[in-house]
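Reader: Hi! I'm new to this one, could you walk me through it?
Author: Happy to, let's look at it together.

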Amino acid sequence: MRIGIFLIAAQFPGQEAGRVLSDAVELVVAAEEAGFDDAWIAEHHFMSYGVCPSATTLAAVAAGRTTRIGLGTAVSVLSTQHPVALAEQAAMLHHLSRGRFTLGVGRGGPWVDLEVFGTGAERFERGFGESLDVLLDALSCGRVAAGGEFFRFREVGVVPEAVLRPVVACTSEPTVGLAAARGLPMLLGMHIGDAEKAALVADYAARGGTAAGHVAAGVAYVADSTAQAVRELGESLPRWLGPGLAGYVPVDGRPRPSRDIPAYADLLTRIHPVGSAGHCAETLLRTAERTGIEHFILMVEGLGEHRRTLENIRRFGDEVLPLLPR
């Protein structure tokens, strides 16, 4: 079993974004020291839900501060950037980290980002497969050309050259189909439970997908008792989730999705490793058994306090990781 941390760079009320980013790097260092396998970084724009607009940049900084831990993006949004430019960044990180980097990509959402960066809703709705194929070409043979609907350019050499296979965030059947057809592992979000994850894995296999190494995101907090952990995390999560999720602004006037924040916080504390050390280990083992997934990346920022988050990472490393087969 492979266990990593998942950093959203979550900004709680009263926190300064630059400090949140600096603290995120410290969390990667702490995770390496605590024995975690990897650290995955999310990309968001124009919102407090996550204040890291470039997961690759933060991964580069973290690579310079660490020596062993794997680094990944969860995810770099492919709908708002050029796939060849992203391939170049991934290749750089592959070489500079001595092979520790994994690129995770996703479709993103119909947000105002598409307007700001000029890619438009069409790239989001119809262009993800084409973008993914251009990215894969750039990360497979050292040369890339395009003649599709969204990308048209002559053949060029990719410098530096690197051979990488991305992980693809999958939240819908069409994206599962794209990942399966290309033999790419899936990254499944923390908003779904074991049954939904198992269904997506089964759908992937039914569509002919053969890649191993799917990754599942979750929330993690270890305390003396499960009741204490659930209570403390359940109290802190809404302070971030409320204003954070409100930052999702649709690009074209469609209704903004809404969530019952207390209910969502309750869901996250129930389906993920939040509890005593034994409960956390049992939860991860149960999810692995039900879904076949053995690589988990855990969001550890839910307390909203850097000192307590560092303590949580260290305690998880000391008390939970030894209980898991690795």
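Reader: What joins β7 to β8?
Author: A hairpin does, through 4 residues. Strands here are DSSP runs of E with at least two residues, helices are runs of H or I with at least four, and both are numbered from the N terminus. This is a predicted model, in which local features need pLDDT of at least 70 and side-chain atom pairs count only at pLDDT 80 or more, while totals for chains, interfaces and linings use all residues. Residues are numbered from 1 along each chain as its sequence is written, and side-chain values use heavy atoms, leaving out hydrogens and water.

Reader: Thanks! In which sense do β7 and β8 pair?
Author: Antiparallel, over 4 bridges, with β8 covering residues 152-157. Two strands count as paired if DSSP finds at least two bridges between them. Ala 146 has Phe 153 as its bridge partner in β8, and Gly 147 has Arg 152.

Reader: New topic: what order do the strands of the open sheet take?
Author: The 10 strands run β4-β6-β9-β10-β11-β14-β1-β2-β3-β5, with parallel pairing. At the edges are β4 (76-77) and β5 (101-102), each pairing on one side only.

Reader: How many bridges join β9 to β10?
Author: There are 2, between residues 167-169 and residues 186-188. Val 168 stands opposite Met 186 there.

Reader: And the helices? Which residues of α2 are buried?
Author: In α2 (residues 55-65), they are Ala 55, Thr 56, Leu 58, Ala 59, Ala 62 and Ala 63. They fall within an arc of 160° seen down the axis, so they line one face of the helix. That arc is taken from the directions from the helix axis to the C-beta atoms.

Reader: What do those buried residues pack against?
Author: The buried residues of α2 pack against α1 (17-34), β2 (38-41), β3 (70-73), β4, α3 (83-96) and β5. Contact means heavy atoms within 4.5 Å.

Reader: Last one: where is Phe 117?
Author: Phe 117 is in the loop between α4 (113-116) and α5 (120-126). Phe 117 is partly exposed, at a relative accessible area of 38%.

Key. Buried means under 20% relative accessible area, exposed over 50%, partly exposed in between (1.4 Å probe, protein chains only).
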